[in-house]
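This briefing goes through one protein chain by topic, from the overall fold down to a single side chain. Please keep the sequence and the structure in view while reading.

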Amino acid sequence: MTQKDRIKTGFEKMGLESSKRHVFLCVGPDCCQSSEGLATWEVLKAKLKTLGIPAMRTKAACLRICSGGPWMVIYPEGIWYGNVTPQRCERIVDEHLLHNSPIRDWIVREHPIA
Ligand code: FES
């Protein structure tokens, strides 16, 4: 397989063409215990797949807040959630990503990048 083919496959695997959102999750180690961040990451991955939600996901090592994590930011809305435990992640996926209803009480910052 050529490099061009591998790049094409990479874009196809991430679902770029069909994605409506991009979710970044910091898994620590400074804003949270890495074990907690990774547990949230596993929930995020599983729920996006199970529910067939058209969103790209990226595991980050730091989003430069470094306290009160795990941190999640969702684009294009630019909505930031802190303390995203596995349980909170489940609700964010169900309400925000599946039903387009952000959880207002949990939003720490909102800054769309247009
Ligand atoms: S380690 Fe998570 S924001 Fe820096």
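**Briefing: sheet, helix packing and one tryptophan**

In β2, Thr 58 is the bridge partner of Phe 24. That pair belongs to a predicted model, and the strands concerned, β1 (residues 21-26) and β2, run parallel and are joined by 6 bridges. The protein chain as a whole has 3 helices and 5 strands.

**Overall fold**

- Along the sequence, the elements of the protein chain come in the pattern α-β-α-β-β-β-α-β.
- The radius of gyration of the protein chain is 14 Å, close to the 13 Å from the globule rule for 114 residues, so the chain is as compact as a globular protein of that length.
- Taken along the principal axes, the box filled by the C-alpha atoms is roughly 45 × 30 × 30 Å.
- Buried residues make up 24% of the 114 in the protein chain.
- Of the contacts between residues at least 6 apart in sequence, 69% join residues at least 24 apart.

**Sheet**

- The 5 strands form an open sheet with mixed pairing, and their order is β2-β1-β3-β4-β5.
- At the edges are β2 (55-60) and β5 (107-110), each of which pairs on one side only.
- On average, and with direction ignored, neighbouring strands of this sheet are turned by 20° against each other.

**Packing of α2 and α3**

- Helix α2 (residues 34-51) and helix α3 (residues 86-98) have axes that come within 9 Å and cross at roughly 30°.
- This crossing of α2 and α3 is right-handed.
- On the α2 side, the contact is made by Ala 39, Thr 40, Val 43, Leu 44, Lys 47, Leu 48 and Leu 51.
- By class, the residues of the contact between α2 and α3 are 9 nonpolar, 1 polar and 2 charged.

**Trp 106**

- Where does Trp 106 lie? Its place is the loop between α3 and β5.
- Trp 106 has 18 C-beta neighbours inside 10 Å and therefore counts as partly exposed; the cut-off for buried is 20 or more.
- With neighbours within four places in sequence left aside, Trp 106 is in contact with Tyr 81 and Arg 88.
- Between Trp 106 and Lys 47, the C-alpha to C-alpha distance is 19 Å, and the two are 59 residues apart in sequence.

Definitions and conventions:
Residues numbered from 1 in each chain as written. Predicted model: local features only at pLDDT ≥ 70, side-chain atom pairs only at ≥ 80, totals over all residues. Pairing = 2+ DSSP bridges. Helix = DSSP H or I, 4+ residues; strand = E, 2+ residues; numbered from the N terminus. Axes fitted to C-alpha atoms, helices over the stretch in contact; angles between N-to-C directions. Left-handed = near helix turned anticlockwise from the far one by under 90°. Contact = placed C-beta atoms within 7 Å. Nonpolar A, V, L, I, M, F, W, Y, C, P; charged D, E, K, R; others polar. Rg over C-alpha atoms; globule rule 2.2 N^0.38 Å. Buried ≥ 20, exposed ≤ 12 C-beta atoms within 10 Å, placed from the backbone.
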